[in-house]
Amino acid sequence: MRRLNWERVVSILLISPAAIATAIFVYGFIGWTAYASLTKWDKLFPDFTLVGLSNYRKLFANQRFQIDLRNTVVFTVLFLISCLLIGFLLAFLLDQRIKGEGIFRSIYLFPMSISFIVTGVVWRWLLNPGSPEMGSTGVNLLFDMVGLGFLKTGWYTDPKIGIMAVAIAATWQMSGYTMAMYLAGLRAIPDELREAARVDGASELQIVRHILLPLLRPVTLSAVIVLGHISLKIYDLIVAMTGPGIGFSTDVPAYFMWDTTFRGNHFSRGAAIAIILLLMVAVLVVPYLVHSIRAEAEL
Amino acid sequence: MTTQAHEEPRSTRTLVRWQRVVLYAVLIAFAIFYLIPVYVLIVTGMKSFAEVNLYRMWDLPSGLHFDSYAKAWFGSEAEGFRGLNVNFMNSVYLTVPATIISAMWGSINGYILTKWKFRGSGVLFPLLLFGMFIPYQSILIPLVQTLQKISIFGVKLYGSIPGLIVAHVIYGIPITTLIFRNYYANVPTELIEAARIDGANIFSVYRHVLFPLSLPGFVVVMIWQFTSIWNDFLFAVTITSNPATQPITVGLNNLAGSYIVEWNVQMAGALIAALPTLLVYIFLGRFFMRGLMAGSLKG
C-alpha cells in the first residue's frame, strides 16, 4: 500500500512537466494573446491600456482583412474539394488490385514530406506565366508544347485567380495524404459487402454511392478537419509562393497577422487576428475532438 | 447455346481489360502530375549556367553539371548572397536534439497516461491534445516575449537554436504523447502486472518492460518530429532573425526572395532543403504513414 503511494506521487511528477508546459505555453499564452488583443499595444514597447473590442471592430472594417477572409473561404473551398475528389478517386482506383500499387502510393504521397516553403518556391516557377514579349514559361509553356495553349493564364499574377494558383500547389502537396486516408478506410470495408451488392446487380457507381461513400463518412470528416485546419492556418506557402499579391489578392489572415505584428509592430491588431484565427479553427476542431474522445471512452 | 456461353465471358473480359487500361492511364496521369515538379527540380539543377533558360525549362540537360547546387550551397560572394550550408547545418543542430528530446518526453507521457491512469488523466489528455490544432499565431506574441526574457547557460533563447528547440519540444507534446499513448495502449496490461508481481516499480517497469518494446513507437514519433521540425517555417522565421542562426526553410525563402539569385539556383536550393525529409520518406515510408494516420487522430 505504501509502495503504491510513492509511485502514485512519482507518476504525477512525471506527467506534470507536460501538464505545466501546456498550461503555460498553450492556455496561458492564448489568454495572454487574447488580453493583448484588447489593449492599445501598437508599437514595439508594450502598452497594456485596455481598449475593449475596438481592435476587432477596426479589423472587421479593414479592407485588407475583409479581402483576407474572402480569400480564406475561396482557398478553403477549392483546396478541400480538390483534395477530397482527387484523394477519393485515387484511393478508389488503387483499391482495384493494381500492379505496382506501392509505387503509385509512394509517388502520390511524397509531397507530404516536403515543406510548404519548398513547394512554394517550385510552384512559383512552375506557375510563372512568363511575359507576352519574352514568351511563356512554366506550365503555360507546357500547355503550348502539348497544344493546350488556350488554357494559359496569369496564375498567381492574375488578381482574380491568384488564390486558385496557391490552391493548386496546396492540393499537389496534400491530396496524396487524403488518398492515404481514404485508402485505409476502403481497406477496412469488408469485400463481402461489395460482392453482395454486385450479386444483387448493383453497378460500380451505385456501389460507390450507396455503400462506399456512406461507410467512408468518418474518413471524410477526419479529412475535412485536418485539411480545413491546415487551410485556415496556411502561411508558409503564401510567403514562399506569392506574398500578399497585387491588391492583397493572395493575402490571408495568417500572413496579415505576421506582417502587422512583426513588421509593423501593431501587436494588439496582430493579437486580434490571431484570436480570430484560433476561433475559426476551434469551431472546426473542438466538436470533433470532443466527439472522438467520447467515442474512445465508450470503447 | 454453347457459343453464346463462350462469348459472354470473353466480352466481359475485354470490357474489363479496356477499363483497366483507362484505370492505369488515370493513375499514371496523376503520377505525372505529382512528379512534374520533381522533374523540373532535378533537370534544372543539372543544367549548366549556359543552358539554363526559363523559356526552355522543360528541356533535358545536355550533361551532368552541379553548378547550381554548388552555388546554392556555398553562395556567391561576387553576387552577394549567402549559401544554404550554414542554414542546413543549423537545421541539423535544431532538428536532431529537438526530435530526441520530444520523443523521450512523449514516451514518458504516453506511459503515465496509459499505465498509471489517475483521476483526471482522462481530462488531461484532450487538454494536451488541443495544442496540436491551435494556429501558432495565437501563441506567437507571448512566445517571443517569453523567449526574449529567458537565457539558458548564458544563451538568450530568442534568436537562437536553443530557443527554437524549446518551442518545438513544447509544441510537440500533443503529437508525441498521442502517438505513444496509442502505441502503449496496445501493450497488454498483464505484461506490466507480471513485472510488478516480480517486484518492479514505476521506473523499472518502464526500463525493462515498456522501453524495450518501444522501438517502433520511437521510429514513428521521431520521423514525424524530424519532418515537421525540419519543415517548420513559422517558428523559425519568428524566433531567429539573424541569418547565422536561421534554419534551412528561412534560408531558402531568403534565397528565393532575392532578385539577384537566379531561378536555377533557387531550384537547386529547394532540392537541398527537401532532400533530408525526402530521404526519410523514401527509406522509412512505412513508418511515415503511421505517423500521418496518428496525426489524423485515427491511430
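1. Confidence. This is a predicted model. The predictor gives the complex an ipTM of 0.91 and a pTM of 0.91. For chain B the mean pLDDT is 87, and 92% of its residues reach 70 or more. Residues 1-13 of chain B are another matter: there the pLDDT is below 50. Beyond near neighbours in sequence, that stretch has 0 contacts in the model.

2. Form of chain A. Chain A has 13 helices and 2 strands. Its radius of gyration is 24 Å. The globule rule gives 19 Å for 299 residues, so chain A is more spread out than a compact globule. Along the principal axes, the C-alpha atoms of chain A fill a box of roughly 80 × 70 × 30 Å.

3. Burial and contacts in chain A. Of the 299 residues, 44% count as buried. Take the contacts in chain A with a separation of 6 or more: residues 24 or more positions apart account for 70% of them.

4. The interface. How many residues of chain A are in contact with chain B? The count is 78 residues of chain A, against 70 residues of chain B. Helix H1 (residues 2-36) of chain A gives the most to the chain A side, with 17 residues. By class, that side has 59 nonpolar, 16 polar and 3 charged residues.

5. The largest nonpolar core. This core holds 166 residues. Which of them touch the most other members? They are A:Val122, A:Val166, B:Leu252 and B:Ala270. Helix H7 (residues 162-187) of chain A supplies the largest share, 14 residues. Domain 1 (2-65) and domain 2 (82-295) of chain B both give residues to the core, so it lies between them.

6. B:Ala270 in detail. Set aside its neighbours within four places in sequence. B:Ala270 is then in contact with A:Val118, A:Val121 and A:Val122 from chain A. From chain B, the contacts of B:Ala270 are B:Leu41 and B:Leu252.

7. Domains of chain B. The domain assignment gives domain 1 (2-65) and domain 2 (82-295). Their centres, taken over C-alpha atoms, are separated by 37 Å. In direct contact are 7 residues of domain 1 and 7 residues of domain 2. The domain 1 side of this contact has 4 nonpolar, 2 polar and 1 charged residues.

8. Helix H12 of chain A. Is helix H12 (residues 253-263) largely enclosed or exposed? It is largely enclosed by the rest of the structure, because 8 of its 11 residues are buried. The buried set is A:Pro253, A:Ala254, A:Tyr255, A:Phe256, A:Met257, A:Trp258, A:Thr260 and A:Thr261.

9. Positive phi values. Most residues other than glycine have a negative phi. A:Phe248 has a phi near 60°. A:Phe248 sits in the loop between helix H11 (236-241) and H12 of chain A. With 21 C-beta neighbours inside 10 Å, A:Phe248 counts as buried. A:Arg97 has a phi near 50°. A:Arg97 belongs to the loop between helix H3 (63-94) and helix H4 (101-109) of chain A. A:Arg97 has 7 C-beta neighbours inside 10 Å, so it counts as exposed.

10. Helix H8 of chain A. Helix H8 (residues 191-199) contains A:Arg198. A:Glu192 is also placed in helix H8. A:Glu192 has 8 other C-beta atoms within 10 Å and is exposed. A:Arg198 has 13 C-beta neighbours inside 10 Å and counts as partly exposed.

11. How far apart are the C-alpha atoms of A:Glu192 and A:Phe262? They are separated by 58 Å, with the two residues 70 apart along the chain. For A:Arg198 and A:Ile114, the C-alpha separation is 41 Å.

Note on methods. Residues are numbered from 1 along each chain as its sequence is written. Chains are lettered from A and ligands numbered from 1 in the order in which they are written. This is a predicted model: local features need pLDDT of at least 70, side-chain atom pairs count only at pLDDT 80 or more; totals for chains, interfaces and linings use all residues. A nonpolar core is a set of buried Ala, Val, Leu, Ile, Met, Phe, Trp, Tyr and Cys residues joined through C-beta atoms within 7 Å. A residue is buried if 20 or more other C-beta atoms lie within 10 Å of its own, exposed if 12 or fewer, and partly exposed in between; C-beta atoms are placed from the backbone. Helices (H or I, at least four residues) and strands (E, at least two) are DSSP runs, numbered from the N terminus. Domain bounds come from an automatic or database domain assignment. Two residues are in contact if their C-beta atoms, placed from the backbone, lie within 7 Å. Ala, Val, Leu, Ile, Met, Phe, Trp, Tyr, Cys and Pro count as nonpolar, Asp, Glu, Lys and Arg as charged, and the others, Gly among them, as polar. The radius of gyration is taken over C-alpha atoms; the globule rule is 2.2 Å times the number of residues to the power 0.38. pLDDT is the predictor's confidence in each residue, from 0 to 100.
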